[in-house]
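Grab a pencil and work through these exercises with the model open beside you. Try each task before you read its solution.

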Amino acid sequence: MKNWKFVMASSILGTSLLLGACGSNNAEQGNASGSGEQLEGQVTGDGSSTVAPIMEGIVEEYAGAQPGVQVTVGVSGTGGGFEKFIQGETDFANASRPIKEEEAASLEEAGIDYTEILLAYDGLSVVVSKENDWVEDLSVEDLKKLWVEDGTTKKWSDINPEWPDEEVVFYAPGTDSGTFDYFNEVILEEEDLVSAATLSEDDNVLVQGIQADPNAIGFFGFAYYMANQDTLKVVNIGGIEPTHETIASGEYAPLSRPLFTYANNKAAAEEEVVYDFLKYTIENAGEMAEEVGYVALPEEEYEKGMKDLEALK
C-alpha cells in the first residue's frame, strides 16, 4: 500500500473536503474489490475527521479496483455525519464514537436501518509543542483541571508550581466531533469545556495551532500525532504513553477507543456499488489503519463485520 502517513500529513482535511475516488492513475491495479466484475455508480459518506485518514486511503485504493465507481466522503465530524445519514443523504457515516441514543431514535423515525461496523482502535492523544519542555505527563485529574471551564484564567503553574506562570492556550475538536464527545464523557464528565479554547472540526487546524505555540495544548486522534510527531510532543496520561501496544491492550486508559462506520442497510442490500465498497472497506481497514497510524482490530472483529454485511444481502 502507499505511504498514507505522508498523504495525510501533507493534505488539509477541511470540513468541506470531498475525498473523491478517481481511478485514472490506479487502474493498473486491476479489480481488487472482489466483486468479480467492474461496477459503475456512486457511493457517498460523511463523518469523523478521525476516521478520515483510514477512509481516504481506502477510497484511493478502491479507485484502482473499481475506476467506474465514484466514492465521495465528506469530513464534517461525527455529529455532522450522522445528521446527513439521518437525512438519507449518505450511504454510510464514519464515527469516532458509538451512535447516540437520540441519533438512533432519529434514524428509526426516518425509517433507516443501519449496521455498525468496527474499523480500528484509536488512542485519543493529548499533545503540546516540541518547544514545551516542562510537560511530560498529566493525570486524568490534571486534564480535567485544565480543560473544565471554571471562570479562571488557566496557567501552567496551576498544575505544577514549577511550571511557567504562563496562560495555557487550548485547541480542541469542534462540538460536532466524536473526539470532542469522547473527551467530554471520559475527562470533562459532561462539564463545560474551557471557553478560551479554539475549536475546529479540522484536526489539521489544531495541529498547526499547537505546533506554533509553546504554551498550547490540544487533543485529537493518534494518527494525527503520528503524522506530525517531528513537531509535536505527546503527553503521557497517568504515566502511559499512547502507542500501538498500549492502545490495543487498553492500557492507555481512558483514552483508547474504537472507530466505526455505520452502513445504511437498504443501500448496502440494494446497491451493488455500496455493498462492494463496504466489503472492500472491511477487508482493508486493518492494514490501512496501521498504515496511517491507528491500530488494527483482531481479525475476528473484521470477520464479524463481514458476516454482518453479508447478512444484508
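**Exercise 1. Find the residue in strand 8 that is the bridge partner of Pro173, then describe the sheet around the pair.**

Step 1. Pro173 has Ser200 as its bridge partner in strand 8. Helices (H or I, at least four residues) and strands (E, at least two) are DSSP runs, numbered from the N terminus.

Before going on, a word on the model. It is predicted, so local features need pLDDT of at least 70 and side-chain atom pairs count only at pLDDT 80 or more, while totals for chains, interfaces and linings use all residues. Residues are numbered from 1 along each chain as its sequence is written, and side-chain values use heavy atoms, with hydrogens and water left out.

Step 2. Now look at the two strands: strand 7 (residues 169-173) and strand 8 run parallel and are joined by three bridges. Two strands count as paired if DSSP finds at least two bridges between them.

Step 3. Zoom out to the open sheet, where five strands follow the order 8-7-9-5-10 with mixed pairing. Strand 8 (198-200) and strand 10 (232-234) each have a single partner strand, so they stand at the edges with one side left without a neighbour in the sheet. On average, neighbouring strands here are turned by 25 degrees against each other, direction ignored.

Step 4. Helix 7 packs on this sheet, touching strands 5, 7, 8, 9 and 10, and its direction makes about 155 degrees with that of strand 9 (216-220). For such angles, axes are lines fitted to C-alpha atoms, for helices over the stretch in contact, and the values run from 0 to 180 degrees between N-to-C directions.

**Exercise 2. Is Gly209 buried or exposed, and which residues does Gly209 contact beyond its neighbours within four places in sequence?**

Step 1. Gly209 counts as buried because its relative accessibility is 12%; buried means under 20% relative accessible area, exposed over 50%, partly exposed in between (1.4 Å probe, protein chains only).

Step 2. Setting aside neighbours within four places in sequence, Gly209 touches Tyr171 and Ala216. Contact here means heavy atoms within 4.5 Å.

Step 3. Check Ser129 too: Gly209 and Ser129 are 80 residues apart in sequence, yet their C-alpha atoms are 9.1 Å apart in space.

**Exercise 3. How many residues apart are Asp308 and Lys304 in helix 12?**

Step 1. Asp308 and Lys304 form a salt bridge, and their closest N and O atoms are 2.9 Å apart.

Step 2. They are four residues apart in helix 12 (residues 299-310), so about one helical turn separates them.

Step 3. Asp308 is partly exposed at 25%, and Lys304 is partly exposed at 48%.

Key:
A salt bridge is a side-chain nitrogen of Lys or Arg within 4 Å of a carboxyl oxygen of Asp or Glu.
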